[in-house]
Amino acid sequence: MIPQARVEAAIELLDQIIQAVRDEGSAADRLISQYFKTRRYAGSKDRAAIRSLVYRAIREIGDCPINGRAAMIQLAQNDAELAFLFDGSMRAPAPISDKEFAEAAKISQKNTSLLPAWLAEKMAASDIDTAEQNALLGRAPLDIRFNPHLTDIDTVLAAFPEGQVISGLPYAVRLPEGTKVDQSPLWKSGAIEIQDAGSQWASSICQAQLGMKVIDLCAGAGGKSLALASDMLANNNAAKLDLIACDTDRNRLSRLQPRAERAKLPPIEQRLLNPKQEEKALGDLAHQADLVLIDAPCSGSGTWRRNPEARWRLNPTRLQRVIDTQSHLLDVASQLVRPNGYLVYVVCSVLDDEGANQITAFLNRHPDWTVENPDIQAGCLRGDGRRFTVLQDKSDGFFVSRLRYIGR
Ligand SMILES: C[S@@+](CC[C@H](N)C(=O)[O-])C[C@H]1O[C@@H](n2cnc3c(N)ncnc32)[C@H](O)[C@@H]1O
């Protein structure tokens with residue numbers, strides 16, 4: 001493809017992505033792979049170049065643009081080579097008019113942040129400075145977690161000699177970008193998983209052990225359930241784990257068992273929940289659990305490096321919706337924990353409304369709970385929890401709080 005046609009393709013793709021943002025449709029990554037499936041003429045270099053243009057627009061433009069052409073013109077303002085490709089030739093985008101340039105300049109002047117203005121304000125109010133905000137749109141590292149019942153750190157480092165251990169996380173290794181993890185025999189044998197250090201910190205703060213009754217209330221496809229199961233198993237060959245993985249999304253939950261089998265873990269009980277009727281499915285577990293993990297649905301602001309267009313999808317109404325669900329799930333979980341048992345609340349967000357403020361409100365509603373965060377060498381105290389941020393912790397952004405039920 002000629003460079004002009006690549007720009008035109010990026011515009012088409014951005015049109016689809018922007019439409020999906022408005023309709024709560026598919027994620028950018030999925031739309032991009034669907035787009036290329038029907039355009040076999042695009043070679044690997046074309047695909048890489050188009051993808052890179054699309055993601056540049058998504059990462060660099062704070063507010064969702066009105067369409068793909070407006071997005072590319074916004075980039076072209078500071079990129080003469082790109083602007084030059086709008087030459088109106090066959091398969092090229094039409095030349096940029098003065099009006100379009102003026103419009104793009106107006107938008108750039110209005111929003112100087114990489115985030116929509118309302119979100120930049122919320123970040124600042126949560127003490128996330130501009131450098132941390134911008135880091136949320138950078139590139140994410142590649143972290144793996146190994147299963148100690150299947151392998152050990154020496155074997156992992158021998159398989160990935162450029163891997164680096166992550167201090168404080170006994171099963172984590174950071175790999176160079178682009179490492180082909182899925183081609184390693186360790187991957188094929190189920191001994192390693194891809195999992196960000198932030199997620200690993202969240203699971204490790206749970207301190208799950210064999211013999212505990214553990215409920216993962218928002219298990220999704222089981223990322224943290226697998227980590228909890230692996231911690232519970234440690235080096236034992238237990239045939240049974242008392243771990244119950246729940247979620248309201250049947251599709252996601254159905255991916256857990258095959259993953260557990262791949263990791264050679266004992267079966268993990270699953271319960272499909274109905275939103276707002278969770279107690280019905282969990283009635284038999286009232287005040288039974290030693291540990292409940294809530295890896296709550298959230299804005300995902302801490303993981304925008306992996307899907308940066310997610311910040312365009314967020315608006316105050318959608319944010320309030322997840323905040324309400326988080327507080328409801330905290331109340332549901334509070335009914336499941338036994339006296340002296342623990343509740344670990346996690347969000348992959350750095351916003352106080354989803355983190356520290358949620359725990360303050362929970363403790364006001366439930367005076368028979370106290371905070372017992374472990375003393376670890378990562379994250380920073382934030383209200384009654386610890387917050388992990390991209391620049392400071394070199395992980396995705398997370399908030400984690402460990403609470404103990406001191407009622408009877
Ligand atoms: C952050 S994701 C969980 C990710 C997962 N724990 C992992 O480590 O891969 C949040 C999950 O909460 C689920 N969820 C949303 N509302 C829920 C509810 N009322 N009860 C239980 N799960 C819910 C979503 O379906 C989603 O899978």
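**Entry 1: starting point**

In which strand does D295 lie? I looked it up: D295 sits in strand β8, residues 289–295.

I am working with a predicted model, in which local features need pLDDT of at least 70, side-chain atom pairs count only at pLDDT 80 or more, and totals for chains, interfaces and linings use all residues. I number residues from 1 along each chain as its sequence is written. The pLDDT is the predictor's confidence in each residue, from 0 to 100. The chain has a mean pLDDT of 95, and 100% of its residues reach 70 or more. For the complex, I noted an ipTM of 0.99 and a pTM of 0.94 from the predictor.

**Entry 2: the two annotated aspartates**

I found D247 and D295 under "binding site" in UniProt, in an unreviewed entry. Such annotations may be inferred rather than shown by experiment; feature names are shortened and positions follow the numbering used here. The two are spread over 49 residues of sequence, yet they cluster in space, with a largest C-alpha distance of 10.3 Å.

Is D295 buried or exposed? D295 is buried, because 26 other C-beta atoms lie within 10 Å. My cut-offs are 20 or more such atoms within 10 Å for buried, 12 or fewer for exposed, and partly exposed in between, with C-beta atoms placed from the backbone. D247, in strand β6, is buried too, because it has 24 other C-beta atoms within 10 Å.

Next I listed contacts (C-beta atoms, placed from the backbone, within 7 Å). Leaving out residues up to four places away in sequence, D295 touches A202, C218, K224 and V346. With that exclusion, D247 touches C218, A219, G220, R252, L253, L272 and L273. I see C218 listed for D295 and for D247.

**Entry 3: around the ligand**

Which residues come nearest to the ligand? Of the 19 around it, they are C218, G220, G223, D249 and D295. Here a residue counts as near if its C-beta atom, placed from the backbone, lies within 6 Å. At least two shell residues each come from α12 (223–233), β6 (243–247) and α17 (316–334). I sorted the shell into 9 nonpolar, 4 polar and 6 charged residues. In this scheme Ala, Val, Leu, Ile, Met, Phe, Trp, Tyr, Cys and Pro are nonpolar, Asp, Glu, Lys and Arg are charged, and the others, Gly among them, are polar.

**Entry 4: domains**

I have three domains to keep track of: domain 1 (3–112), domain 2 (141–195) and domain 3 (206–405). Their bounds come from an automatic or database domain assignment. The C-alpha centres of domains 1 and 3 are 37 Å apart. Their contact uses 7 residues from domain 1 and 5 residues from domain 3. On the domain 1 side, α1 (3–23) and α3 (44–60) are the elements giving two or more residues. By class, that side holds 6 nonpolar, no polar and 1 charged residues.

UniProt (unreviewed entry) also lists residues 109–406 as "domain: SAM-dependent MTase RsmB/NOP-type". Over that stretch I read 35% helix and 22% strand, with the end C-alpha atoms 53 Å apart.

**Entry 5: a look at S108**

S108 is in helix α6, residues 98–110. S108 is partly exposed, because 14 other C-beta atoms lie within 10 Å. Not counting residues up to four places away in sequence, S108 touches Q74 and Q77. S108 and G62 are 46 residues apart in sequence, with 9.1 Å between their C-alpha atoms.

Definitions and conventions: Contact = placed C-beta atoms within 7 Å. Helix = DSSP H or I, 4+ residues; strand = E, 2+ residues; numbered from the N terminus.
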